[in-house]
Amino acid sequence: MKKSLARWFILAGLVASGFASCGARGPAFSVVVLGCEGGLAEGNLSCYLLTRPGSGSYVALDAGTVLGGLRQAVAQGSLNDCKPTRESNQSHEGWVLRQGIKAYLVSHAHIDHVSGLVIDSTDDTAKPLLGLNPTIDDLRDHLFNWKTWPNFGSEGERPLNQYRYQRLTEGESRSIEATDLQVQAFTLSHSNHYPSSAFLIRGGEHYLLYCGDTGPDEVEKSDGLQRVWAASAPLIREGRLRGIMLESSYPDGREPGQLFGHLTPEWLMKELHRLAETVNPGRPQTALAGLKVAVTHIKPSLEKGKPPRQLVEEQLRQRNDLGVEFVFPEQGQRLNF
């Protein structure tokens, strides 16, 4: 009986919130998945190309796997809106890398989020690279420094100025050049207060939230996610937040001290409950009904048994008492929000 009532409340919330008609309105954003895993997956690391439908101009959200992901996406027909001209002698993936990607938004400078950017920089074109100050500092000091790699950035020793660093101020809206998108950045805590970032991206009247690696506020002794939820809540109430991209690196079962600044299904749902309370304190059980949540950064394992991706998916579906629509990205596919 209780389960039936819960389902009824969730259905009522779908209708009341307007999320049930999202499909009828058509997508506000498309995301091409170049890489969606973490940890051991060398060829499938965090990188998502964000665009507005019909645009053909992309912003990269992180850049762990770029060229390998572009090849997968081209093979699956996910980049047919961005093809080389007849006069061009570039491959399809080369055209998207050089001409289609207009900017990079980097959440933090860990290798699994920037390795494709670094490796492919030798054949890329000039474009802006946006991030919060700690991210830009790490790229400048530890990657593009003429020791780890030539300095393709715009600061530091003998800069080649290919990637023009644009330092974001937390909470302030910034236009992304050569696109019709704006971005606000927020600091997240990724293990012992190492700074990661969330990006709230606006296109027209709609928004998409992308979160880099993050631990739960309770474990990190931080208010990073709560500040993101506070900024997102009014947009959810207005039906203008089209989706959230949020990590769950491990299946359930890890002690808080073994999370290393990441989420599990249990912690992800705890954070979504905090968001729901922020959206509608009076009826949190229906506040997020129908909201699309793409689950990112699931780390593969070398152990026998069910793959972590399967476990995370099963555990989230079992724990989903808020009626959110979980999506599990796969490399090469195109998602609509």
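Predicted model: local features only at pLDDT ≥ 70, side-chain atom pairs only at ≥ 80, totals over all residues.
Local features need pLDDT of at least 70 and side-chain atom pairs pLDDT 80 or more, whereas totals for chains, interfaces and linings use all residues. Residues are numbered from 1 along each chain as its sequence is written, and side-chain values use heavy atoms, without hydrogens and water.

View 1. Helix 4 (residues 92–100) has 7 of its 9 residues buried, so it is largely enclosed by the rest of the structure. Buried means under 20% relative accessible area, with a 1.4 Å probe and protein chains only. Helices are DSSP runs of H or I with at least four residues, strands are E runs of at least two, and both are numbered from the N terminus. The buried residues are H92, E93, G94, W95, V96, L97 and G100.

**View 2. The crossing of helix 3 and helix 4.** The axes, which are lines fitted to C-alpha atoms over the stretch in contact, come within 9 Å and cross at roughly 125 degrees. Contact means heavy atoms within 4.5 Å; here L67, L70, R71 and V74 of helix 3 meet H92, E93, V96 and L97 of helix 4.

**View 3. Strand 3 between its partners.** Strand 3 runs antiparallel to strand 2, with 3 bridges joining them, and parallel to strand 4, with 4 bridges. Two strands pair if DSSP finds at least two bridges between them. L61 of strand 3 is the bridge partner of Y48, while V59 has A103 in strand 4 as its bridge partner. Y58 and A60 point one way from strand 3, V59 and L61 point the other way, and all are buried.

Methods:
Buried < 20%, exposed > 50% of the residue type's maximum accessible area, 1.4 Å probe, protein only. Axes fitted to C-alpha atoms, helices over the stretch in contact; angles between N-to-C directions.
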